[in-house]
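Reader: I would like to learn how to read the features of a protein model. Please take them one at a time.

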Amino acid sequence: MAPANPSVASKTQPSGATGVLVLADGTILWGIGYGAAGAGVGEICFNTSMTGYQEILTDPSYAGQIITFTFPHIGNVGANPEDMERGVHGALGCITRELPTQPSNFRSVQTLPEWMAEQGVIGLAGIDTRALTRRIRDAGAPNGVIAHSPDGKFDIDELLAMARGWAGLEGMDLAKDVSRTDTGDWTGGAWTLGHGYATEDGGERPHVVAIDYGAKDNIFRNLVKAGARVTVVPATASLDEVLSHKPDGVFLSNGPGDPAATGDYAVPVIRGLLTRDIPLFGICLGHQMLGIAVGAKTIKMHQGHRGANHPVQRAEDGVVEITSMNHGFAVDAATLPAGVVETHKSLFDGSNCGIAITGKNAFSVQYHPEASPGPQDSFYLFEKFVGGLK
């Protein structure tokens, strides 16, 4: 099937179309559905990564979002159980230029469409993803509905009403929806070919309590790799609950939604930890909430940053790190108060990508130093955090 043209809105369904994207402004893009059947409403974003699609789709930071992959050939290496960042609550769906082909990789256990069907993730192929990406870049990330019906039957008016009735990510707290609800020790270490994930016993290592706002599992693995013993607590854990584990340091994880909304319950905990001089390290949503905790503001970005090749410059020495990113909100550098230093910034648009609090062992970055997928230039941050614990 020829790719749909995102510049044309039409209710006329092409022959053979089994999938559709309906944007809130009335634009209708027809294609071929795959993966799970059904409909999902969310924000349409784009990701420029060429590899790691399974890790991307299972990143809880993508809750409430539908990913447009700019690389046309998604699905070539299939899917396997080891490459999942979390078992549930990732992206709602994905949009691709080409239908996934039969996988060619010795680690593949099933095709991407088979895996997506099991996970409840909706796919839509045959879309001109370059044109859709340009639209997002120029006009911002729109709200929309992705739908797949194997029999090709759709109620477009109902889907359009869904798209227009969705409030959007601003003001939305999604961390509670994707966070673990129980507390437990994390023991999984780094992955190696032929051996899978290492198992660590913790021992006398520095104890890190990780607050899970929608964390990727590879973050915990990197904390273990850097030498920490890790206990994971839910997003809504109180200050007393966090302190009851006697942490040497506290990690603030990534996650979805509006940081200002999640901050209603998370920021008081973070401020309590800062008052007690507990070392802190935050990533992505955790970075944004650390910023709010010290008095800065966060803003909704025009299109966000999502990909595995984003250049970030360190202020201290000018070194450029190539990083993995996934965020639609950012700390407004202009609102950073005295005593808070900007440590990193994006070389794409100059937006804030890191802060440190003067006189405290507390810092955070906007990007994902744990990768999965992406480069590993920034693993030193885990070593810096764990190495600085008593």
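Reader: Is the crossing of α6 and α10 left-handed or right-handed?

Author: The crossing of α6 and α10 is right-handed. A crossing counts as left-handed if the near helix is turned anticlockwise from the far one by less than a right angle, and as right-handed if clockwise. Helices (H or I, at least four residues) and strands (E, at least two) are DSSP runs, numbered from the N terminus.

Reader: What should I know about the model itself before going on?

Author: This is a predicted model, in which local features need pLDDT of at least 70 and side-chain atom pairs count only at pLDDT 80 or more, while totals for chains, interfaces and linings use all residues. Residues are numbered from 1 along each chain as its sequence is written, and side-chain values use heavy atoms, with hydrogens and water left out. pLDDT is the predictor's confidence in each residue, from 0 to 100. The protein chain has a mean pLDDT of 95, and 97% of its residues reach 70 or more.

Reader: Where does pLDDT stay under 50?

Author: Over residues 1–9. For that stretch the model has 28 contacts beyond four places in sequence, a contact being heavy atoms within 4.5 Å.

Reader: How is a pair of packed helices described?

Author: Two packed helices are described by the angle between their axes and the distance between the axes. The axes are lines fitted to C-alpha atoms, for helices over the stretch in contact, and angles run from 0 to 180 degrees between N-to-C directions. For α6 (residues 217–225) and α10 (residues 380–387), the axes come within 9 Å and cross at roughly 55°. That makes α6 oblique to α10; angles under 35 degrees count as roughly parallel, over 145 as roughly antiparallel, 65 to 115 as roughly perpendicular and the rest as oblique.

Reader: Which residues of α6 and α10 meet?

Author: Ile219, Asn222 and Leu223 of α6 meet Phe382, Phe385 and Val386 of α10. The residues of this contact divide into five nonpolar, one polar and no charged. Here Ala, Val, Leu, Ile, Met, Phe, Trp, Tyr, Cys and Pro count as nonpolar, Asp, Glu, Lys and Arg as charged, and the others, Gly among them, as polar.

Reader: At roughly what angle do the axes of α8 and α9 cross?

Author: The axes of α8 (residues 259–275) and α9 (residues 285–293) cross at roughly 65° and come within 8 Å. That makes α8 roughly perpendicular to α9. The crossing is right-handed. Among the contact residues are Ala266 and Ile270 of α8 and Met289 and Ile292 of α9. Their contact divides into eleven nonpolar, three polar and one charged.

Reader: How do strands of a sheet pair?

Author: Strands of a sheet pair through backbone hydrogen bonds, either parallel or antiparallel. Two strands are taken as paired if DSSP finds at least two bridges between them. In this model, seven strands form a closed barrel in the order β1-β2-β6-β5-β4-β3-β7, with mixed pairing. Isoleucine 95 has leucine 124 of β6 as its bridge partner.

Reader: Which strands stand at the edges of the open sheet?

Author: The open sheet has ten strands in the order β8-β12-β11-β13-β14-β19-β18-β17-β15-β16, and the pairing is mixed. β8 (184–186) and β16 (320–331) stand at its edges, each with a single partner strand, so one side of each is left without a neighbour in the sheet. β17 (residues 340–346) and β18 (residues 352–357) run antiparallel, joined by five bridges, and glutamate 342 stands opposite isoleucine 355 in β18.
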